[in-house]
Amino acid sequence: MENLMAKIPKMLMGQELEKAMLSLPVYDAAICQADAGTRLTALDAMTDIYVPSQMSYEIYSKIYMAMLHSLKKKQTKDAIQQGNQNHRRLQGLEYNSVLGGADSFSIIGPSGIGKSTAIAKSIALSGGNQIITTENPYAQIIPCINVQCPHDCSVKGLLLAILSQADILIGTRHEQLAVKNRASIDNLIGTVSQVALNNILLIVIDECQNICRNKGGVNLVASMTQLINSSGVSICMAGLPETELFFGREMQLARRSVGLSYTALPYDGYFVQFCETLCSYQYVAHPSKLTPGLIELLYECTGGIIAILVSIIMETQQIAILTGKEELNKETILMAYNERLRNVQDFVKIAPRKRSQTSSIVNNDTVNISQKPSVDETNMDMLVTVITDKARSEGLDAVELLAGQEILVEEENV
C-alpha cells in the first residue's frame, strides 16, 4: 500500500506561508502619466491584492489538518469495513458506522472580511486543486469539494451537488445514476458516503446561514452528521454570525460547529498595513502620501470590513480621475463614501476610539456613520426564538430572560 501522507504538499508555516498567500499585482508608477482611460482600466488590478492576516493562517491550518485527518483513514482496515457497511445500507439491510470520529468545524464571520478568499487560498496551498492518484490499490482522491448550502436547505439538493462535483473531477456518473433512479435521501446519503469514503478528503459547505433561515436546517445538519459517521470525511461549514445562534441551541449542534469565529478588523497594525498596501497602488495623476488622518477616515468609512475598504479606495480613484481632481485625499474619499457606498453605510459599525492628536480630520468633517442596534432585525427574531425555546424547555421565565438580553425594557412608573 502506498504512503498517502507523501501525496499531499507539506504544511507551510511562518514567512513561507505568508509569502505563498501574499498576492500583489505588478505595478508601475509610470501608469500615473497615462491617459485617463488607460488608468481606469488598470485600476481593476487592485481586486487581486491579498495581504494574509492571522485569520488567513488559522483557516489554512484548520483546513490542512482536516484534510490530513481524513487522509489517514483512507485505505485502512476500518475504511474497508465501512465500505461494506455502506453497501449494506444501499441494499436496504441493517448497517453500522465503523469509522466515525472525523471532525466537522465552522468558519464564521461577517460578510466582506475575506473568509471565502482565505478558504480558497488555503485549499489551493493544501493541494486542493490536484487529484491524488494511487496505483496500489488504484484510487483517485479529491482533496476538497466546495459546495453552497441550498437556499431551501434541501438535503437532496446538497447531496446531488456533492456528487456532481465529484463526477466532474474524477469522471464518474454518480449524480446522473442517482437522478435516473430517483434515489431516496437515505440512498443518496449511502452513495455520497461511499464516494466520500473512497474519493474525498474535505467538503466545504459555504453560505451556512441558510441553515438557520429555514425549517429544514436541522435535517440538513443531521444528514451531514450521518455522512461524517459513514465516510470519515471532514466537513467545514462557513457562514455569517447568525449561524452561531442556530448551532448554539442544542449540544449536538454546538459540538458540530466548534471552530473559528471572526469579526471585522480592529484598528490595529494589520489594518494600517493593508491601507498602506492599497494606497501604494495609485492611478491618479498626482499620487499622494497616506497620512494617519486618512487611515482613521478610512476606518470610519469601512468599519474594518476589507471588501468595503478595497471598494472605497477604487471608487475614490475613479471619482478623482473622472472629475479631474486627480488626487486621493479626504475630499475624494468622502465623495466616494457618500455617492458610491450608500447601500453599505447602515452595515458599517465601528467601536468608539480616541482620535490621535496627529489626525488631520476635524469634527465637522467626520463621516456620519449610521447607527444600528447591536442586533439587527433578522438576528433579533432568531434570538427571541432561541430564548423562548430555552425558557419553555427549562421551565424559566421567558420575560425575565428577554429583559436580561435588553430585548424587553420595563417602563418605570412615573
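The model is predicted, and the values below were computed from its atoms. The second largest pocket holds about 670 Å³ of space, and α14, which supplies the largest share of its lining, also packs against α15, their axes coming within 8 Å.

**The second largest pocket**

- The lining of this pocket is made up of 37 residues, and those that lie nearest its centre are Gly 112, Ile 113, Gly 114, Lys 115 and Ile 306.
- At least two lining residues come from each of the helices α3 (54–71), α5 (115–125), α12 (269–279) and α14 (306–323), and the strand β5 (234–239) likewise supplies at least two.
- Helix α14 contributes five residues, which is the largest share of the lining.
- Sorted by class, the lining of the second largest pocket comprises 19 nonpolar residues, 13 polar residues and five charged residues.

**The contact between α14 and α15**

- The axes of α14 and of helix α15, which spans residues 330–340, come within 8 Å and cross at roughly 105°, and the two helices are therefore roughly perpendicular to each other.
- On the α14 side the contact is made by Ile 312, Glu 315, Thr 316, Gln 318, Ile 319, Ala 320 and Leu 322, while α15 brings Thr 332, Ile 333, Met 335, Ala 336, Tyr 337, Glu 339 and Arg 340.
- Taken by class, the residues of this contact divide into eight nonpolar, three polar and three charged.

**Ser 56 in helix α3**

- Ser 56 is found in α3, a helix that also supplies at least two residues of the lining of the second largest pocket.
- With a relative accessible area of 0%, Ser 56 counts as buried, because the cut-off for that class is under 20%.
- When residues up to four places away in sequence are not counted, Ser 56 touches Met 21, Tyr 50, Ala 118 and Ser 122.

**Asn 199 in helix α8**

- Asn 199 has its place in helix α8, which covers residues 185–199.
- The relative accessible area of Asn 199 is 14%, so this residue is buried as well.
- Leaving aside neighbours within four places in sequence, Asn 199 is in contact with Gln 140, Ile 141, Ile 142 and Ile 170.
- Although Asn 199 and Gln 140 are 59 residues apart along the chain, their C-alpha atoms are separated by 5.9 Å.

Notes. Residues numbered from 1 in each chain as written. Predicted model: local features only at pLDDT ≥ 70, side-chain atom pairs only at ≥ 80, totals over all residues. Heavy atoms only, no water. 1 Å grid on protein atoms, 1.4 Å probe; cavity = no way out; pocket = protein on both sides within 12 Å on 5 of 7 lines; lining within 4 Å. Points joined across faces, edges and corners; volume = space filled by probe spheres on them. Helix = DSSP H or I, 4+ residues; strand = E, 2+ residues; numbered from the N terminus. Nonpolar A, V, L, I, M, F, W, Y, C, P; charged D, E, K, R; others polar. Axes fitted to C-alpha atoms, helices over the stretch in contact; angles between N-to-C directions. Parallel < 35°, antiparallel > 145°, perpendicular 65-115°, else oblique. Contact = heavy atoms within 4.5 Å. Buried < 20%, exposed > 50% of the residue type's maximum accessible area, 1.4 Å probe, protein only.
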